[in-house]
Amino acid sequence: MQTSILRTKPRTTVFLISQFRCLPSPTTDNACSFYTQTQQHQQQINKTTSQQLNVVGMEIPIQTQKLLKLSRTVVPRLTDSKHKGQYGRIGVVGGSLEYTGAPYFAAISSLKVGADLAHVFCRKEAAVVIKSYSPELIVHPNLDDENAIEIIAPWLERLHVIIIGPGLGRDPEIQKTVIELIKVCLQIEKPMVIDADGLAILNDHLDLIEGQRNIILTPNAIEFRRLFGSVASPASESDKFCKERMASLGEGVIVLEKGARDRIHIPNTSEIYVMPAGGSGRRCGGQGDLLCGVLSVFFHWSLEANQANPGFLAAFAASYFLKHCNAAAFQKHGRGMLATDMIGEIPSVFARIFESAEGQC
């Protein structure tokens with residue numbers, strides 16, 4: 001089943017600050033008062049809002065409670081009327097000899113948060129290892145085949161969201177194959193989450209996704225600088241370069257910048273929504289891969305719920321949720337916490353945030 005991009009049925013909508021006037025509230029978590037404005041006043045509204053916020057690049061504290069409430073509406077109810085695959089079919093393109101954990105973490109987290117099926121497309125040398133981690137994963141050892149595109153492309157048609165990058169490695173031939181797979185995804189309008197070594201490909205091929213739709217990038221601080229700020233210039237010129245490179249992505253791409261406070265960038269408006277602090281000081285490997293898996297499922301659910309800004313809402317929900325998984329695991333394991341410990345917290349934290357009567361935060 002292919003996700004439709006153009007939809008006609010009624011939808012619940014996430015509105016960004018560029019669409020409305022936002023009167024800043026005393027605290028980050030307070031609801032923001034929105035007032036619709038006519039199109040002829042929009043330019044003045046944006047100028048006024050920017051002055052009120054007094055931040056560089058429209059950096060805006062996110063309205064947590066408002067978006068949490070909206071996020072709960074996209075989580076599908078478990079009913080007997082659904083069949084296997086309708087809650088989510090996720091694909092992960094990645095996995096090499098050195099990096100077998102990353103694609104596993106991305107795939108298993110998608111299943112634990114609610115997807116029905118997870119496929120991993122990896123190199124042959126990684127396949128048996130990834131299979132041994134879990135019998136739940138469907139593993140395709142074809143990424144380094146000469147006819148990899150011919151083999152993998154038909155599978156992409158069946159999936160809802162494709163994650164590009166976890167454990168992919170930097171082999172030039174594999175990168176060429178993945179570039180072609182990205183082109184296939186774009187051609188069939190398949191939503192993508194691009195992370196890690198997938199972002200390394202975009203460093204020199206950002207034009208691949210410029211002007212495209214339903215794509216989320218998930219760089220950490222170093223990956224973000226490589227993508228958007230790698231110029232040896234004064235700060236002002238560097239900022240200009242970053243904004244220009246970001247703006248080139250267009251309105252269909254969202255950038256979730258990972259950090260102590262995650263930031264959601266809206267490239268075409270230069271808005272930056274700052275997530276609340278959370279998690280812990282434990283920075284073990286694998287957390288970004290877990291985020292990709294969770295993000296892919298919320299992305300699918302947001303599209304199915306006909307959200308006007310599905311990438312934005314999915315980025316918020318996944319970021320907020322994973323910080324809480326980190327905190328829950330750290331409370332039990334402290335300094336010895338691992339990404340595998342966070343996986344164990346997914347069901348209970350998900351139920352508490354998204355499925356309890358009031359939604360506890």
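**View 1. R225 in helix 8 of the predicted model.** R225 lies within helix 8 of this predicted model. A221 belongs to helix 8 as well, which spans residues 221-228.

**View 2. Residues annotated as "binding site".** An unreviewed UniProt entry lists G167, N220, A221, I222, E223, F224, R225, R226 and D289 under this feature name. Of this set, E223 and R226 are included in the lining of the largest cavity. Two other listed residues, A221 and R225, are found in helix 8.

View 3. The largest pocket holds about 850 Å³ of space. A total of 38 residues line this pocket, and those closest to its centre are N220, K258, G286, Q287 and G288.

**View 4. Helices that line the largest pocket.** Two or more lining residues come from each of four elements: helix 3 (101-113), helix 8, helix 10 (287-304) and helix 11 (310-333). Helix 11 provides the largest share of the lining, with five residues.

**View 5. Residue classes in the lining of the largest pocket.** The lining comprises 15 polar, twelve nonpolar and eleven charged residues. Which element contributes the largest share of this lining? That element is helix 11.

Key
Residues are numbered from 1 along each chain as its sequence is written. This is a predicted model: local features need pLDDT of at least 70, side-chain atom pairs count only at pLDDT 80 or more; totals for chains, interfaces and linings use all residues. Side-chain values use heavy atoms; hydrogens and water are left out. UniProt positions are given in the numbering used here, feature names are shortened, and annotations may be inferred rather than shown by experiment. On a 1 Å grid over the protein atoms alone, a cavity is a set of points where a 1.4 Å probe fits but cannot get out, and a pocket is an open set with protein on both sides within 12 Å along at least five of seven lines; lining residues have an atom within 4 Å of a point. Grid points are joined across faces, edges and corners, and a volume is the space filled by probe spheres set on the points. Ala, Val, Leu, Ile, Met, Phe, Trp, Tyr, Cys and Pro count as nonpolar, Asp, Glu, Lys and Arg as charged, and the others, Gly among them, as polar.
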